[in-house]
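Open the model in your viewer and have the selection tool ready. The stops below can be followed in order.

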Amino acid sequence: MVSVNRRFTIWIAVTVLLTANFTSAIQVNGPVNDFFTASLLVNFSFTPALNASICSIYANETGSFSQKASLNSSNATQNVLSASFPESKFYWNIQCSNGNSTEMSSNYSITVDASAPTPSISANANTTSVNVSFSATDATSGIAYYEVYK
């Protein structure tokens, strides 16, 4: 009598669909991208369209993103977060969480420049003429142009 052992391996692919009550939208109402402000205190307005319990503003004014302020959010209504910043150009975003998941807005840039430009005037005179030189500097935002009136 002959005995035959057959071994079969069956692979079954299983697809699991996970559904959470958490949509992926944070509407940023302001400030707009590439915003310029002379105020060190900046208000960030946003509307979370998700089941979030807390929202925070993150910014990289020191080189890496860190949390600046947070609040208990109101879903589908406009929220405002305020944070103080040094003079600089940096990126920011809003992150909202419901305890299980976190959503993040796009990154936006902002320039905070509360200091006025520094003008410089110099003059050289001789017996026949006077040469006057003008310039201006601004460490944070640069100088696009300046005008001199006589």
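This tour of a predicted model goes from a disulfide to a nearby strand residue and then to a sheet.

**Stop 1: the disulfide.** Select cysteine 55 and cysteine 96, and show their side chains. They are joined by a disulfide, with an S to S distance of 2.1 Å. A disulfide is a covalent bond between the sulfur atoms of two cysteines. The structure holds one disulfide. It links distant parts of the chain: cysteine 55 lies in strand S4 (residues 54-59) and cysteine 96 in strand S7, 41 residues apart. The torsion about the S-S bond is about 115°, so this disulfide is right-handed.

Are the two cysteines buried or exposed? Cysteine 55 has a relative accessible area of 0% and is buried. Cysteine 96, at 1%, also counts as buried.

**Stop 2: glutamine 95.** Select glutamine 95, which belongs to strand S7 (residues 88-97). Leaving aside residues up to four places away in sequence, glutamine 95 touches Ile54, Cys55, Ser56, Tyr58, Thr102, Glu103 and Met104.

**Stop 3: the open sheet.** Switch to a cartoon view and select strands S1, S3 and S6. These three strands form an open antiparallel sheet in the order S1-S3-S6. Strands S1 (26-30) and S6 (79-84) are at the edges with a single partner strand each, so one side of each has no neighbour in the sheet. From one strand to the next, the twist averages 30°.

Finally, select strand S3 (residues 41-48), which pairs with S6 over six bridges. Serine 45 stands opposite valine 80 in S6.

Terms used. Residues numbered from 1 in each chain as written. Predicted model: local features only at pLDDT ≥ 70, side-chain atom pairs only at ≥ 80, totals over all residues. Heavy atoms only, no water. Helix = DSSP H or I, 4+ residues; strand = E, 2+ residues; numbered from the N terminus. Contact = heavy atoms within 4.5 Å. Disulfide = S-S within 2.5 Å. Buried < 20%, exposed > 50% of the residue type's maximum accessible area, 1.4 Å probe, protein only. Pairing = 2+ DSSP bridges. Axes fitted to C-alpha atoms, helices over the stretch in contact; angles between N-to-C directions.
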